[in-house]
Amino acid sequence: MFTLRTVFVVIIAGIIGTIFNSIAINIMAGADVIPLITSLGRNLIAIIVALLLIPAFARGGNVAAWAFALIALTVIPSLLAKFVFGAAAPWQFVLTVNFIYAFVATLIYAVSYREH
């Protein structure tokens, strides 16, 4: 389940998901995209949360894995943003940009998982 390959794919998926999330924040709120993309903390959280993709796809069917991944990878970072990091943005905004992260990270992992 947790192999060097799957962990590497999760790292890539988390970082690329964060890039798309950052671009969405830039488009929706005008925030400078470079500090968002290069934030070590944002990338580490994205990678740690994306680790949930490994057991999700190993245990669940494709639909179940996607559903779990999209929910978990949207909700967990949103809760952290609001309650740990004090994001002042409305819930709808936070959930939307984190759904973009979740979708991109899951898509990257799912494509890689299918090839595996």
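1. The largest nonpolar core of this predicted model comprises 22 residues. Here a nonpolar core is a set of buried Ala, Val, Leu, Ile, Met, Phe, Trp, Tyr and Cys residues joined through side-chain atoms within 4.5 Å; buried means under 20% relative accessible area, exposed over 50% and partly exposed in between, with a 1.4 Å probe and protein chains only. Leu53, Phe57, Leu73, Tyr101 and Tyr109 have the most contacts inside this core. Two or more of its residues come from each of α1 (4–29), α3 (40–50), α4 (53–59), α5 (62–84) and α6 (91–115), and α5 gives the largest share, 6 residues. Helices (H or I, at least four residues) and strands (E, at least two) are DSSP runs, numbered from the N terminus.

2. Leucine 73 illustrates the packing. Leaving aside residues up to four places away in sequence, Leu73 touches Val49, Ala50, Leu52, Leu53, Asn98, Tyr101, Ala102, Ala105 and Thr106; contact means heavy atoms within 4.5 Å. Another core, of 5 residues, lies apart from the largest one and includes Ala24, Ile25, Phe93 and Val97.

3. Asparagine 43 belongs to helix α3 and counts as buried because its relative accessibility is 12%. A polar atom of its side chain lies 3.0 Å from the backbone oxygen of serine 39. Beyond residues up to four places away in sequence, Asn43 touches Ile15, Thr18, Ile37 and Thr38.

4. Threonine 6, in helix α1, is likewise buried, with a relative accessible area of 7%. The backbone nitrogen of threonine 3 is 2.9 Å from a polar atom of the threonine 6 side chain. Residues up to four places away in sequence not being counted, Thr6 touches Met1, Ile54 and Tyr109.

5. The largest pocket is lined by 20 residues, and Asn21, Arg42, Pro77, Ala81 and Asn98 lie nearest its centre. On a 1 Å grid over the protein atoms alone, a pocket is an open set of points where a 1.4 Å probe fits, with protein on both sides within 12 Å along at least five of seven lines; lining residues have an atom within 4 Å of a point. Helices α1, α3, α5 and α6 each give two or more residues to the lining, with the largest share, 5 residues, from α6.

6. On the basis of the model: residues are numbered from 1 along each chain as its sequence is written, and side-chain values use heavy atoms, without hydrogens or water. Local features need pLDDT of at least 70 and side-chain atom pairs count only at pLDDT 80 or more, whereas totals for chains, interfaces and linings use all residues.

Key
A polar contact is a pair of N or O atoms within 3.5 Å; within protein, one must be able to donate a hydrogen and the other to accept it, and residues adjacent in sequence count only if both atoms are side-chain atoms.
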